[in-house]
Amino acid sequence: MNRRPSHQKRRQKLLLSLLTATAVVACATSPLGRNQLKLYSDSDLDEMGVTAFAQTAKETPVTTNGQATTYVNCVANAITREVGGVWEVKVFESKDVNAFALPGGKIGVYTGLLQVAKGQDQLAAVIGHEVAHVIAGHSNERVSQQQVTGLGLNVAQLIVGGGAGGGALMSALGAGAQYGVLLPFSRAHESEADLLGLDYMAKAGFDPRQAVQLWQNMAQAGGQKPPEFASSHPSDDTRIRQIAARLPQDLPVYQSAQAAGKKPKCG
Ligand SMILES: [Zn+2]
């Protein structure tokens with residue numbers, strides 16, 4: 001991010017804002033109308049996301065599979081076109097069934113996910129879910145809650161130290177389930193990301209009915225390490241019921257998108 005004059009200066013400024021944030025009460029509203037506590041600026045969150053992404057990219061190999069890279073980028077770009085902004089996508093070589101998105105416009109997908117998310121529409125459901133966490137400001141809420149409960153200094157130290165490892169910062173932002181640090185998104189955040197993600201995929205011309213199939217696949221895949229989007233969530237049944245209840249709203253959106261020529265062919 002060359003537009004920033006000095007990375008060091010940014011970090012100092014961020015530390016200051018993290019340390020003084022408890023003096024400020026900032027209320028916001030999520031895209032679905034839920035009240036939110038947000039103590040930080042978008043640029044603070046972007047800085048954290050960019051740092052966490054860089055650390056993750058250092059620790060996890062990017063796949064050399066060109067076909068997988070093209071495929072994931074095709075789906076991710078179709079989704080992010082609907083929400084705007086500049087996004088960077090990396091496909092990591094890992095058996096983990098996982099994906100994440102971070103403030104600052106970063107998306108990571110693990111190759112293991114491609115075994116469970118069958119086809120472009122199911123992958124779009126996961127990426128839509130992850131992008132929704134970012135657009136709805138869930139990371140800001142998480143970091144704000146951690147600040148209020150006294151865990152905020154750790155976040156500040158992570159940013160300023162810069163070298164404490166991506167796992168802890170990823171966890172602070174809500175994307176660290178695979179690191180074994182259990183600070184998952186709340187149930188309210190998960191439900192909101194499910195519904196917003198469904199809206200995004202439908203707008204992009206992906207079939208929202210495939211989201212239901214995805215969660216059924218996820219439930220079957222199980223596994224001892226729950227992926228970000230399956231952790232700390234109401235049961236799969238509840239999740240699937242909530243998504244199904246929104247389909248009457250999103251199916252016409254999908255059909256309009258298709259009629260308007262949005263017909264992703266990502267493979
Ligand atoms: Zn999630």
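Trainee: Okay, which residue stands opposite Phe92 in S5?
Mentor: That's Tyr110. Keep in mind that we're looking at a predicted model.

Trainee: How do S3 and S5 run, and how many bridges join them?
Mentor: They run parallel, with 5 bridges joining S3 to S5, which covers residues 106–110.

Trainee: And what's the strand order in that sheet?
Mentor: S3-S5-S4, in an open sheet of 3 strands with mixed pairing. The edge strands are S3 (88–92) and S4 (99–102), each pairing on one side only. On average, neighbouring strands are turned by 15 degrees against each other, if you ignore direction.

Trainee: Which strands does H5 lie across?
Mentor: S4 and S5. H5 spans residues 120–135 and runs at about 30 degrees to S4.

Trainee: Switching to helices: at what angle do H10 and H11 pack?
Mentor: About 160 degrees, and their axes are 7 Å apart. H10 is residues 209–221, while H11 is 236–259.

Trainee: Which residues make the contact?
Mentor: From H10, you've got Arg209, Ala211, Val212, Trp215, Gln216 and Ala219. H11 brings in Asp236, Arg239, Ile240, Ile243, Leu247, Leu251 and Tyr254.

Trainee: How many of those are nonpolar, polar and charged?
Mentor: The contact of H10 with H11 has 9 nonpolar residues, 1 polar and 3 charged.

Definitions and conventions: Residues are numbered from 1 along each chain as its sequence is written. This is a predicted model: local features need pLDDT of at least 70, side-chain atom pairs count only at pLDDT 80 or more; totals for chains, interfaces and linings use all residues. Side-chain values use heavy atoms; hydrogens and water are left out. Axes are lines fitted to C-alpha atoms, for helices over the stretch in contact, and angles run from 0 to 180 degrees between N-to-C directions. Helices (H or I, at least four residues) and strands (E, at least two) are DSSP runs, numbered from the N terminus. Contact means heavy atoms within 4.5 Å. Ala, Val, Leu, Ile, Met, Phe, Trp, Tyr, Cys and Pro count as nonpolar, Asp, Glu, Lys and Arg as charged, and the others, Gly among them, as polar. Two strands pair if DSSP finds at least two bridges between them.
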